[in-house]
Amino acid sequence: KQWYQRRVRALRVSLTYRQLSTSPQFNHVKSSVVTQIQPKTPTTLSKSDSDTLFISSSMFRNLDEGKLSSSSCNVSVHFYPGATASGILNHLRSDNTFATHNQAKVNKIFLLCGSNDIDNILHIPRHLHSSININDDSYDVMENQRTASSMTELIFYLMDKFTNAAINIVNILPRESLARNEVINSLNKHLYHMCCNYPNLNFIGTESKRSIFTDRYGFRRSELFNVRGSDNIHLNGSGLIKLAKILKFLCHQPDIRVST
């Protein structure tokens, strides 16, 4: 019984983070914002005209910046497949396209980082990266601390570069396995507490109150992720629509901060 209770606690996504209030407008945002639904819409604006940035590993790969944008919000998406938190930072520093952004004009940034660090912390071989049957025998506490430090460094880099921007940090999305979710919860807590200490940081929780990628019991909705029956990290078409809807809604809000 104790083992089962521990497994339930670990498999569930932690629901202790600050959340945004649920808005009825959220469900009315059009879902055609991912490239799997419609081809990417060309934009006549350059990167230097962007006021909203989306930054991640491949988690943001299929977000269509043309569909996310509007007359009041010009979105630029930067994604780096396979990149860890430190890898995203290295890519941003060397990305010539990213360097063209007008630092004074950018007023919102949405960041999702850490997804590719989880298996490194657990020392999981590449051929098992989508396996559900993972244990924490090789959990590396020092690697976990290094990852948290890398996330902090990445966020500070964005804060220093875009001093006028509100930086909105999306929680690492849930997985199927016990060991991975234990690590994810610890890193999400780190991000949440960091957001509590800086006025221009917002923690965007996808689960508490919203339950976008989990059911009402806190378990992952695997039908929204690639390769059903596995622990694949990536969202499928249905999952991408849900992610795109909330991001489009939030990036069009003048002030998305809500008190705890």
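## Strand β3

Both faces of β3 are covered: Lys108, Phe110 and Leu112 are buried on one side, and Ile109 and Leu111 are buried on the other. Buried means under 20% relative accessible area, exposed means over 50%, and partly exposed lies in between (1.4 Å probe, protein chains only). Strand β3 covers residues 108–112, and five of its five residues are buried, so it is largely enclosed by the rest of the structure. Strands (E, at least two residues) and helices (H or I, at least four) are DSSP runs, numbered from the N terminus.

This is a predicted model, in which local features need pLDDT of at least 70 and side-chain atom pairs count only at pLDDT 80 or more, while totals for chains, interfaces and linings use all residues. Residues are numbered from 1 along each chain as its sequence is written, and side-chain values use heavy atoms, with hydrogens and water left out.

## Strand pairing

Two strands pair if DSSP finds at least two bridges between them. β1 and β3 pair in the parallel sense over five bridges, and isoleucine 55 stands opposite leucine 111 in β3. β3 also pairs with strand β4 (residues 166–170), in the parallel sense over four bridges. Here the bridge partner of leucine 111 is isoleucine 169 in β4.

Strand β1 (residues 52–56) pairs with β2 in the parallel sense over five bridges. The bridge partner of leucine 53 is serine 76 in β2. Strand β2 (residues 75–79) has four of its five residues buried, so it is largely enclosed by the rest of the structure.

## Two loop residues

Histidine 123 lies in the loop between α5 (118–121) and α6 (141–161). Its phi is positive, about 55°, although histidine 123 is not a glycine. With 47% relative accessibility, histidine 123 counts as partly exposed.

Serine 211 lies in the loop between β5 (201–204) and α8 (237–251). Phi of serine 211 is also positive, near 50°, in a residue other than glycine. Serine 211 is partly exposed, at a relative accessible area of 29%.

## The largest pocket

The largest pocket holds about 320 Å³ of space. A pocket is an open set of points on a 1 Å grid over the protein atoms alone, where a 1.4 Å probe fits, with protein on both sides within 12 Å along at least five of seven lines; lining residues have an atom within 4 Å of a point. Grid points are joined across faces, edges and corners, and the volume is the space filled by probe spheres set on the points.

The lining has 15 residues, and Asn116, Asp119, Arg126, His129 and Ile233 lie nearest the centre of the pocket. By class, one lining residue is nonpolar, 10 are polar and four are charged. Ala, Val, Leu, Ile, Met, Phe, Trp, Tyr, Cys and Pro count as nonpolar, Asp, Glu, Lys and Arg as charged, and the others, including Gly, as polar.
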